[in-house]
Amino acid sequence: MAQSFSEEILEKQELESQNLQDQVDSILKQLENKNVQNDEQLAILEVQNTKLKHRLAILKKAIVEESKKGQEKRKSDQESDDDQLLLSPRELLTNSFIRAVSKAYPEVPSSVVTLTPTSNPKFGDYQCNAAMPICQQLKAAGKQVNPRVIAQNILNELSASEVTEKVEIAGAGFINVWLNKSFVCNQLSSLLLNDAKPPPPKKKLKIVVDYSSPNVAKEMHVGHLRSTIIGDSISNLLEYMGHDVLRLNHIGDWGTQFGMLIAHLQDMFPNYRTESPSVGNLQRFYKESKIRFDTDEEFKKRAKESVVKLQKKVPDYIQAWKLICDASRKEFQKIYDRLDIIKLVERGESFYQERMLELVNDLTEKNLLEDDDGRKILWGEEKKEGEIPFTIVKSDGGFTYDTSDLSAFKQRIVEEKGDWIIYVVDEGQSTHFQCLVNCARKCGIYDPEKVRMDFVGFGVVLGEDKKKFKTRSGDTVRLANLLDEGVRRATEKLEEKNRHTVLTEEELNATAEALAYGCIKYADLSHNRNHVYVFSFDKMLDDKGNTAIYLLYAYTRIKSISRTAKLDIEVLKKACREKGLTLDHEKEWKLAKVLLQFNDVLQRITKDLNMHRLCEFLYEVAVTFSEFYDNCYCIERDAKGNVTKVHVDRIILCEVTALIMKKCFEILGIRTVSRM
């Protein structure tokens, strides 16, 4: 094996070191034997000895440093080799071009390197346009260089790769890249053989995702839908990518409202110590208690006394509170079960009560709290005009949402050892969470260099009238009612297509639920979460276009192909190992390239947490598969409909497509069905 440049340097340095050591030893031997003619010669030898020792020390230090560099490079090369077995073509190519640009133009940042899939096969499979921005940067520095020359210089530094078949310069300086077919075939085979497992993360992170967060004593409504769906899909994605994910449900289960509610129940529901009203009645009682609190001073006084007794954990009050929480929890769980929301750990505001006391004491000791008309406030890292402080202690001595959120943030970083904290809440709370970040930095809880924090905001849901989604009477839409309506409409859709004559009653019900909940989830996730979106069952249940029903139908059709061919997964895996894929038809090649973008899409989502990108990819897979299936026979039949030939390599491509689609559905939290 040929030596690397650093290994050659190390060998030369070690040889020079040995020569210097021999010279030092020779001088020391002369001095010890007093083999010198006079004092002048002795002085000369001593000076030479000192110089040689100094040079020897410098050289030995250089050898150690060069050796370390060699070890680190070998380790890096090994890690790089491991990564290359798993990375997508786009990422491998991007890394290769970054290295080439850094050699050709070391003064240029790597951010200029981007690779995009080409829309026209005659321009290859990917295109790198780095030459143009490099030209602009050099021009700004007073250097006039033609983009084609820049592109050629990049190509001169581009290492040979198993990923590429050929690389060419076109037009003004575009670099077109053709993928190596053997590489693509091997990658697709690997996807099937390894069940599309993602590459292991370079560092496994502890990630805390805060989502859903309904309020006790209130029914879940459509406003909770987006947080629950988006938060669950983000958690699924990060878990799939190999991270340790803690899903937290920060429910509203503590505060003044419970004092009001218990005081009202004492008058309206005498059995409050032994049983709780239904959540629907609790919500009605809560509204009534709020009116009394705002208009009746005597009741307001009694409500505040109830809060104090609750905080002091007086048995009757704690028991009433627990019953209310339990009743609410059961109703929440019914919704979560219907939507397949699992692993969601409840951490209500009550969980942080003791931690809030500790936080206030800590902030007081650090002199970070300011008095403001009796309340204690905390400013962020820098006081800016228009900035809002956190109210840590109210004038009556009580705590606020600010206090509990800051305590929760601290608990997740300090106790849970979170590397990444994600909040999935509506966009209207963006100011509050910016204040949270600023205050957490001020008091030393949060260091963005050590912990990543993301505010995943989302827009409101609109009705088809483009106004905030409400019932005809103007009330907030109950989530349970919305799901019921979805199942009813999905059942009607299936019956319109006479599926009730083919499916059993059990299959029909299961399919209707999968379609209804899948369509509701997909309609939400397929929109950019930062925007508002119009809720429309008619559009959701359309079997054409980018909808869940179209995608689920496409998936069941693909799965049926293998069943028709009577080839199970193990047979296909064996064929994959022994013969592999060919991808000779242009539509086979097009589908293969789309499938290999799966990891690119997932990596991009981990950067911006926009789940609509996965929906766009899933739809592109389905559409591209349809093109492939329309142009490439997978199973050939005679005039009587009997199977005469099965194209096993194309069945393998079908199975890989189904596998990727299945993984997408799992991440999005959408159930699949075997028949539709």
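Which residue forms a salt bridge with Glu-416? The partner is Arg-347, and the closest N and O atoms of the two are 3.0 Å apart. A salt bridge here is a side-chain nitrogen of Lys or Arg within 4 Å of a carboxyl oxygen of Asp or Glu. Before going further, a word on the model: it is a predicted one, in which local features need pLDDT of at least 70 and side-chain atom pairs count only at pLDDT 80 or more, while totals for chains, interfaces and linings use all residues. Residues are numbered from 1 along each chain as its sequence is written, and side-chain values use heavy atoms, with hydrogens and water left out.

As for the overall picture, the protein has 23 helices and 16 strands. These are DSSP runs numbered from the N terminus, with helices being H or I of at least four residues and strands being E of at least two. Of the 676 residues, 48% count as buried, where buried means under 20% relative accessible area, exposed means over 50%, and partly exposed is in between (1.4 Å probe, protein chains only). Among contacts with a separation of 6 or more, 73% come from residues 24 or more positions apart; contact means heavy atoms within 4.5 Å.

Back to the salt bridges, of which the structure holds 39. Another bridge joins the side chains of Asp-316 and Arg-273, at 3.1 Å from N to O. This pair also links distant parts of the chain, with Asp-316 in helix α11 (residues 315-338) and Arg-273, 43 residues away, in the loop between α8 (256-268) and α9 (279-295). Here Asp-316 has 36% relative accessibility and so counts as partly exposed, and Arg-273, at 39%, counts as partly exposed.

A further bridge ties Asp-608 to Arg-613, with 2.7 Å between the closest N and O atoms. Asp-608 is partly exposed because its relative accessible area is 22%, whereas Arg-613 counts as buried at 18%. Elsewhere, salt bridges that share partners join Glu-485, Arg-488, Arg-489, Glu-492 and Asp-538 into one network.

Asp-608 also belongs to helix α21 (residues 598-608), in which Phe-598, Asn-599, Asp-600, Val-601, Leu-602, Ile-605 and Thr-606 are buried. After α21 comes Leu-609, with a positive phi near 55 degrees. Most residues other than glycine have a negative phi. Asn-367 has a positive phi too, near 55 degrees, and is found in the loop between α12 and β8 (370-372). At 69% relative accessibility, Asn-367 counts as exposed. For Lys-466, phi is near 70 degrees. Lys-466 lies in the loop between β13 (461-462) and α15 (479-496), and with a relative accessible area of 57% it is exposed.

Next, the helix packing. Helix α3 (residues 89-104) and helix α5 (residues 147-157) pack at an angle of about 110 degrees, with their axes 8 Å apart. Axes are lines fitted to C-alpha atoms, for helices over the stretch in contact, and angles run from 0 to 180 degrees between N-to-C directions. The two helices are therefore roughly perpendicular to each other; angles under 35 degrees count as roughly parallel, over 145 as roughly antiparallel, 65 to 115 as roughly perpendicular and the rest as oblique. Phe-97, Ala-100, Val-101, Lys-103 and Ala-104 of α3 make the contact with Asn-153, Ile-154 and Glu-157 of α5.

In a second pair, helix α6 (residues 181-193) and helix α19 (residues 569-578) have axes that come within 10 Å and cross at roughly 150 degrees. That makes α6 and α19 roughly antiparallel to each other. On the α6 side the contact involves Ser-189, Leu-192 and Leu-193, and on the α19 side Ile-569, Leu-572, Lys-573, Cys-576 and Arg-577.

Finally, Gly-545 has its place in the loop between α17 (537-540) and α18 (548-565). Its relative accessible area is 28%, so Gly-545 is partly exposed. Leaving out residues up to four places away in sequence, Gly-545 touches Tyr-550 and Tyr-619.
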